[in-house]
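Let's take a friendly walk through a protein fold. Have a look at the picture first, and then we will follow the backbone together.

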Amino acid sequence: MSLHSKRTSLISILSSEHGRMRREQRDIDKRDLQAALKHGTKQKTWGDRWKLEYDGIIFITDASMRSEITAYPSPLALAPITDDMKT
């Protein structure tokens, strides 16, 4: 069964101690990680890791996308600075 046909809450992923701690510190729910696996953009990153981004949160997983490594909020976009703001 593909991830897209599964209910989000039924998507399984192993959480590392570090990943759980970071999600707790940053008030990120495990369901957010499950939703990122199902709906998020996936990008291969350093080593064999995957970067999943969804709904303002970035998750890093192992090569199989079955083990969470860490999670953090997406960076905010920078607002343009006008000349009026500089003075």
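Strands here are DSSP runs of E with at least two residues, numbered from the N terminus, and two strands pair if DSSP finds at least two bridges between them. With that in hand, note that this is a predicted model.

**The sheet**

In what order do the five strands form the open sheet? Reading across, the order is S1-S5-S4-S3-S2, and the pairing is mixed. At the edges sit strand S1 (14-15) and strand S2 (41-44), each of which pairs on one side only. Further in, S4 (residues 57-61) and S5 (residues 67-73) run antiparallel and are joined by five bridges.

**The helices**

Helix H1 (residues 17-25) packs on this sheet and touches S1, S4 and S5, with its direction at about 25° to that of S5. Helix H2 (residues 30-39) lies across S1, S2, S3 (50-54), S4 and S5, and runs at about 105° to S3.

Now try finding Asp27 and Asp55. Asp27 has a positive phi although it is not a glycine, and Asp55, also not a glycine, has a positive phi too.

| Residue | Loop | Phi | Relative accessibility |
|---|---|---|---|
| Asp27 | between H1 and H2 | about 55° | 72% |
| Asp55 | between S3 and S4 | about 55° | 66% |

Is Asp27 buried or exposed? Asp27 counts as exposed because its relative accessibility is 72%, and exposed means over 50%. With a relative accessible area of 66%, Asp55 is exposed as well.

Definitions and conventions: Residues numbered from 1 in each chain as written. Predicted model: local features only at pLDDT ≥ 70, side-chain atom pairs only at ≥ 80, totals over all residues. Heavy atoms only, no water. Helix = DSSP H or I, 4+ residues; strand = E, 2+ residues; numbered from the N terminus. Contact = heavy atoms within 4.5 Å. Axes fitted to C-alpha atoms, helices over the stretch in contact; angles between N-to-C directions. Buried < 20%, exposed > 50% of the residue type's maximum accessible area, 1.4 Å probe, protein only.
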